[in-house]
Amino acid sequence: MTAPGIEGLPPDQRVHAELRDLRTQMGGVHGSMVAASDGFLISCDIPELEPTRIAALIAATLGLARQATQATGRGRFREAVARGSDGYLAVFAVGDDAVLAVIGTDDLNIGMLHYQIRDLIKRITSHLAQFEWGWQGSMRPDAAADGLSSP
C-alpha cells in the first residue's frame, strides 16, 4: 500500500505521505512518526501531540529496546509494542539510523499492523536514502542547515 501520487515529491514529503496514508487507511491508527535514532524529528502525522518531545522519547525507547534485545541474546532490535489502558505504542527500527512509531487506539488490530508495517518500513527506508544530505552518509539532518557534518 504505497501512498498514491508521491513519486515526484521530495523525500521528506514522501515519508509524511506514507504516515498520513497509514492513519487514513488503517483503522485504529491515531498517528505515526519517523525520527532519527538520536531523537531528531524527521516526519510526524500525530494530531494533538508535541512531536519533538515524542521523537526524543521514541529514540530513547529504541535505545533501551536495542540494549535489552542484545543483552538477552535476541539479536538485533526490530520492534517493541506497549499497550496502555487507552491503546498502543508500537516502535519499529527503520534500518540502523531511524525509528518509526505508531500510536494506536484500543481498536488497533496489532496483527494487521505487523503485517502492513514491513512494506511501510521498506518504503520509508528508501525515501530516507534519497535525502539530499545523504541520510546514511556523513551529513545529519540537523547539521545540514548549518553545513556541519556529524562526528
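Analyst: In this predicted model, β3 and β4 run antiparallel and are joined by six bridges. A hairpin of two residues connects β3 to β4. One of the bridge pairs is Ala82 with Leu89 in β4.

User: What makes β3 and β4 a pair of strands?

Analyst: Pairing requires at least two bridges between the strands. β3 and β4 have six bridges. They therefore count as paired.

User: What makes β1 and β2 a pair?

Analyst: The cut-off is again at least two bridges. β1 (residues 29–36) and β2 have four, in the antiparallel sense. The pairing therefore holds. Ser32 has Asp45 in β2 as its bridge partner. The hairpin of β1 and β2 has four residues between the strands, and Gly39 there takes a positive phi near 100°.

User: Are the two partners, Asp45 and Arg23, buried or partly exposed?

Analyst: Asp45 has 8% relative accessibility and counts as buried. Arg23 has 28% and counts as partly exposed.

User: How many salt bridges does the whole structure have?

Analyst: The search finds four. Among them is Arg76 with Asp96, at 2.3 Å from N to O. This pair links distant parts of the chain, 20 residues apart: Arg76 is in the loop between α2 and β3, and Asp96 in the loop between β4 and β5. Arg83 with Asp106 is another, with the closest N and O atoms 3.5 Å apart. Here Arg83 is in strand β3 and Asp106 in the loop between β5 and α3, 23 residues apart.

User: Why is Arg76 called exposed, and why is Asp96 called partly exposed?

Analyst: Exposed means over 50%. Arg76 has a relative accessible area of 61%, so it is exposed. Asp96 has 44%, so it is partly exposed. Arg83, at 59% relative accessibility, counts as exposed. Asp106, at 39%, is partly exposed.

User: What makes the link between Glu18 and Arg123 a polar contact?

Analyst: The limit for N or O atoms is 3.5 Å. The side chains of Glu18 and Arg123 are joined at 3.0 Å, so the contact passes. Glu18 is found in helix α1. With a relative accessible area of 1%, Glu18 is buried. Its C-alpha atom is separated by 10.0 Å from that of Ser43, 25 residues away along the chain.

User: Which residues of the largest nonpolar core touch the most other members?

Analyst: They are Val34, Leu100, Val102 and Leu128, in a core of 23 residues. α1, β1, β4, β5 and α3 each supply at least two residues. α3 gives the most, with six. Among the contacts of Val34 beyond four places in sequence are Val15, Leu19, Leu100, Ile124 and Leu128. A second, separate core of 15 residues includes Cys44, Ile46, Ala101 and Ile103.

User: What is the average pLDDT of the chain, and where is the pLDDT below 50?

Analyst: The average is 85, and 83% of the residues score at least 70. Residues 135–151 are below 50, and this stretch has 28 contacts in the model beyond near neighbours in sequence.

Note on methods: Residues are numbered from 1 along each chain as its sequence is written. This is a predicted model: local features need pLDDT of at least 70, side-chain atom pairs count only at pLDDT 80 or more; totals for chains, interfaces and linings use all residues. Side-chain values use heavy atoms; hydrogens and water are left out. pLDDT is the predictor's confidence in each residue, from 0 to 100. Contact means heavy atoms within 4.5 Å. A salt bridge is a side-chain nitrogen of Lys or Arg within 4 Å of a carboxyl oxygen of Asp or Glu. Buried means under 20% relative accessible area, exposed over 50%, partly exposed in between (1.4 Å probe, protein chains only). A polar contact is a pair of N or O atoms within 3.5 Å; within protein, one must be able to donate a hydrogen and the other to accept it, and residues adjacent in sequence count only if both atoms are side-chain atoms. A nonpolar core is a set of buried Ala, Val, Leu, Ile, Met, Phe, Trp, Tyr and Cys residues joined through side-chain atoms within 4.5 Å.
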